[in-house]
Amino acid sequence: MATMKEKNNSPAARVLILLALSGLSACGGGGGGAGDSSTGIAAGASAGATSGTSSTDTGSGTSSGSGTSTGSTVTTTAPGAATEAASVDYLNLVRAGAGAGALGQDEQLSAAARSYSAYVLANPGEPPHQETEGHAGYTGVLPGARVTAASYTGQFWTESSTGYGHFAPGAANSCVPVLLNTMYNMAALLGPAADVGIGYKVDASAGGYCVLDMGYKSGLQLATAGRLVSYPYPGQSDAMPSYLPDGEQPRPPAALTMLIGQPIYASMVSAASSSGEGSGTLETFELRDAQGQLVPAFVLSSSSISVAAGIETLDDSANAASHPAYGVFLVPKSPLVAHASYTATFAGHFNGVAFNGNWSFTTRSTF
């Protein structure tokens with residue numbers, strides 16, 4: 001799906017999705033591009049804030065909609081606050097391990113997330129992350145408008161979601177691990193937002209849907225100078241061994257076929273390199289198994305990162321709007337071994353700041 005920007009009082013942000021259709025098929029899109037940010041994270045840097053107008057936005061804002069409803073009528077139920085809180089707790093556990101900092105659960109963002117979950121179930125088949133004025137449950141065309149309608153007073157950052165078939169509706173923590181077992185959604189969930197809202201909705205006939213909306217009020221969370229944000233995080237014992245590229249949109253490069261290994265992510269954004277815009281270098285990024293053998297893998301980075309000779313790369317320019325300028329993915333060419341230990345090594349620079357890391361993690365026992 002093409003890049004989306006939205007016209008709103010808050011900056012536009014990358015919008016990502018895992019939408020269950022059949023099996024693991026999905027669609028989604030991203031934001032970014034030209035504009036500026038008052039937070040120090042420049043346009044196009046990540047899921048980060050940008051401003052601008054949108055060719056797909058037909059009037060975002062706080063309108064509750066008008067006209068005859070054309071959506072389906074479904075009765076949805078929410079699994080409850082305990083399930084939502086458990087999911088936020090799990091995400092914060094991961095973020096703490098990764099070095100990204102904890103998110104505060106925000107009721108206004110949660111209200112927007114619940115509303116959109118219900119909208120998706122009532123209006124199947126609509127473009128991801130978009131609503132149509134006049135349809136059942138409409139609150140705003142794009143996520144920024146919907147969080148404003150829910151009275152969130154901060155800046156919208158990103159939205160990630162997944163549909164029934166990828167998670168067990170109502171099960172604690174269920175959709176967060178699914179969204180982390182990706183590339184672009186995972187990078188967004190580990191970004192420097194400060195607030196999160198989560199909404200689960202379940203319908204007996206339409207299935208279930210889970211939405212996470214993220215934002216910030218008093219500023220972004222930025223790691224200390226030179227601190228690498230990484231996933232799977234150091235010491236993690238339940239990393240997924242495999243990843244299905246066809247399950248995410250925008251779809252990663254076609255060379256990543258069928259079932260491959262869990263992507264390893266390293267983010268070089270910190271208080272000392274917080275412009276997000278700029279240039280960087282990658283000197284080393286590799287993964288080795290418990291026997292010290294190098295795991296064959298591709299590196300995917302933005303065009304702002306100069307990659308050292310000898311590192312095998314894939315062109316990800318088609319997904320530039322969804323790829324953090326300061327983020328690098330290492331993608332194993334084959335699934336990792338279940339219940340096995342791996343060690344990642346990283347060395348790079350961004351905006352003149354050095355980032356180095358050497359960390360180990362263990363995959364879970366089942367795929």
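User: Which are the buried residues of α2?

Analyst: The buried residues of α2 are Leu109, Ser110, Ala112, Ala113, Tyr116, Ser117, Tyr119, Val120, Leu121 and Ala122. Buried means under 20% relative accessible area, exposed means over 50%, and partly exposed lies in between, with a 1.4 Å probe and protein chains only. Helices (H or I, at least four residues) and strands (E, at least two) are DSSP runs, numbered from the N terminus. This is a predicted model, in which local features need pLDDT of at least 70 and side-chain atom pairs count only at pLDDT 80 or more, while totals for chains, interfaces and linings use all residues. Residues are numbered from 1 along each chain as its sequence is written, and side-chain values use heavy atoms, with hydrogens and water left out.

User: What covers the buried residues of α2?

Analyst: Contact means heavy atoms within 4.5 Å. The cover of α2 includes β1, α3, β2 (155-163), β3 (195-203) and β4.

User: How is the span of a helix read, and what should the 16 residues of α2 span?

Analyst: The expected span is 1.5 Å times one less than the number of residues. For α2 this gives 22 Å, and its end C-alpha atoms are 22 Å apart, which agrees. Helix α1 (residues 81-98) has 18 residues and should span 26 Å; its end C-alpha atoms are 25 Å apart, which also agrees. After α1 comes Gly99, with a positive phi near 90°.

User: With which residue does Asp106 form a salt bridge?

Analyst: A salt bridge is a side-chain nitrogen of Lys or Arg within 4 Å of a carboxyl oxygen of Asp or Glu. The partner of Asp106 is Lys217, the closest N and O atoms being 3.0 Å apart. Lys217 lies in the loop between β4 (207-216) and β5 (229-231), and Asp106 in the loop between β1 (104-105) and α2 (107-122), so the pair ties together parts that are 111 residues apart in sequence. Asp106 is buried, at 7% relative accessibility, whereas Lys217 is partly exposed at 46%.

User: How many salt bridges does a search of the whole structure find?

Analyst: The search finds eight. Among them, Arg114 pairs with Glu107 at 2.7 Å between the closest N and O atoms, and Glu84, Glu107 and Arg114 are linked in a network.

User: Which cysteines form a disulfide?

Analyst: A disulfide is a covalent bond between the sulfur atoms of two cysteines. The criterion is a pair of cysteine sulfur atoms within 2.5 Å. In this model Cys175 and Cys210 form one, with their sulfur atoms 2.1 Å apart. The bond links distant parts of the chain, Cys175 in helix α4 (residues 175-180) and Cys210 in strand β4, 35 residues apart. Cys175 is buried at 0% relative accessibility, and Cys210 is buried at 0%.

User: How many residues has the largest nonpolar core?

Analyst: In soluble globular proteins, nonpolar side chains tend to be buried together. A nonpolar core is a set of buried Ala, Val, Leu, Ile, Met, Phe, Trp, Tyr and Cys residues joined through side-chain atoms within 4.5 Å. The largest has 68 residues, and those with the most contacts inside it are Leu212, Met268, Phe285, Leu287, Phe329 and Phe346. Helix α1 gives the most to this core, with five residues. A second, separate core of 10 residues includes Ala113, Tyr116, Tyr119 and Tyr138.
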